Amino acid sequence: MLRNYIGSDEKVTLPPGITAIGDEAFMGKEFLKSITIPEGVTEIGSNAFMGCRYLRTVSLPQSLTALRDGAFSKCKNLQEITVPGGAKLIGRKAFFACESLSKLVLSEGLVTIRSSAFANCRQLTEVKIPEGVTTIGDEAFSGCEMLTEVILPESLTALKYGAFKKCSRLKRMVLPSKLTEIPKSAFNSCVSLEKIVIPEGIKTIGSDAFSQCINLTELTLPEGLTDIAEYAFCQCSNLTKVSMPESLRSIGHYGFFGCNRLLEITLPIECTELQDAAFGFCNSLKWLIAPGVSIKTLGNAFIPAAISYLCRPEVYTIPEIAEDYRKFVKSKMRMLVPRLLAEDRVEGIATYAADGAITLANVDSVFLQPAIEAQATACIAFLINWKHQNNLSDQIKRKRDEDWDL
């Protein structure tokens with residue numbers, strides 16, 4: 001093992017017979033510009049070349065099996081690297097902040113890319129991860145600002161936190177079929193992302209997974225998906241269409257908050273939970289369609305989205321004739337935003353309790369009872385026959401007439 005290099009040559013070719021390069025062996029050698037590592041070397045130790053800021057070229061042997069943590073971290077002038085097929089592991093921060101690295105070749109045989117391995121490689125433009133790789137670690141490619149194309153292998157089973165976070169030029173991503181979750185912040189702030197293909201194996205989408213993906217316009221979520229976590233699509237401000245799977249059960253806090261151009265959402269029948277501000281500030285939302293849905297928990301899901309009227313619950317009554325209600329909703333579409341509307345008959349009416357989340361069951365003649373039981377001081381609902389209600393105070397009637405132009 002080479003434990004410590006004491007020379008001062010700019011170009012170094014190591015002699016045969018060496019089997020490993022020890023931890024920190026070349027760390028901070030700023031004079032070093034080129035290194036050729038001979039066949040027979042199986043391991044490059046932790047921080048072995050860390051901070052060799054003028055190192056430009058590196059030749060790695062086919063015998064290499066492991067690049068340990070920080071091996072070439074902060075080699076700011078390293079321009080290209082080929083990781084040979086014998087290497088099973090690329091360690092944590094192995095190429096972290098190699099700011100000039102523009103070409104990366106990963107060979108088949110690689111199994112694991114650990115956390116921050118290529119984070120902040122700001123000139124890296126494309127990455128093809130070979131078949132056989134099963135794990136991409138936390139923030140492995142985070143901050144690769146010039147990265148436009150990534151090809152993931154079908155062998156991939158684990159994508160970790162923030163793996164492609166802040167890859168601001170990444171436009172398209174196809175996720176492999178063996179993944180079961182999209183982790184927290186996986187594509188957070190990928191502001192150029194236009195298309196994401198999500199396979200049917202995905203069960204959960206983690207918090208902040210796609211937040212601030214401002215160029216994402218359409219989204220098809222796969223069957224099998226059950227949970228969308230908090231902030232998952234927060235501030236995807238150009239998102240106009242989302243197709244929800246029938247398997248979806250819940251949408252977390254601020255799940256689609258600030259999706260200003262979202263026009264319509266159809267909730268699947270199994271979706272029973274909308275957390276606070278799930279669709280908050282979705283100010284273009286015109287239709288929330290719930291065909292027979294029974295929402296058990298509705299937080300302040302649409303607050304502070306565009307809503308029609310806030311008042312005390314006792315002033316509302318439920319429509320007895322669903323068709324009249326549907327006609328009324330259509331006639332007042334611009335003001336009734338958002339709403340819970342059954343396709344064939346009234347199954348639910350969206351209500352908001354100012355004091356917090358309330359529990360809803362399918363609507364009957366006392367649809368406000370859950371709000372009253374929750375001791376809400378105010379709630380919101382959407383009605384027919386507003387102008388024919390005679391049991392309102394004069395003040396409420398005036399407000400009603402002003403708001404609805406009746």
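Here is a walk through some of the salt bridges in this predicted model. Side chains of opposite charge can pair when their charged atoms come close. Searching the whole structure turns up seven salt bridges, and three of them are worth a stop: one at Arg68, one at Lys76 and one at Lys165.

Start with Arg68, whose side chain meets that of Glu43 in a salt bridge, at 3.3 Å from N to O. Glu43 sits in strand β4 (residues 43-44), while Arg68 is in the loop between β6 (66-67) and β7 (80-83), so the pair ties together parts that are 25 residues apart in sequence. As for solvent, Arg68 is partly exposed with a relative accessible area of 30%, and Glu43 is partly exposed too, at 29%.

Stay in that loop between β6 and β7 and you'll also find Lys76. The side chain of Lys76 makes a salt bridge with Glu99, at 3.6 Å from N to O. Glu99 belongs to the loop between β8 (89-90) and β9 (103-106), so here the pair ties together parts 23 residues apart in sequence. Lys76 comes out partly exposed, at 33% relative accessible area, and Glu99 is likewise partly exposed, at 32%.

Lys165 has a relative accessible area of 17%, so it counts as buried, the cut-off being under 20%.

Technical notes: Residues numbered from 1 in each chain as written. Predicted model: local features only at pLDDT ≥ 70, side-chain atom pairs only at ≥ 80, totals over all residues. Heavy atoms only, no water. Salt bridge = Lys/Arg side-chain N within 4 Å of Asp/Glu carboxyl O. Helix = DSSP H or I, 4+ residues; strand = E, 2+ residues; numbered from the N terminus. Buried < 20%, exposed > 50% of the residue type's maximum accessible area, 1.4 Å probe, protein only.
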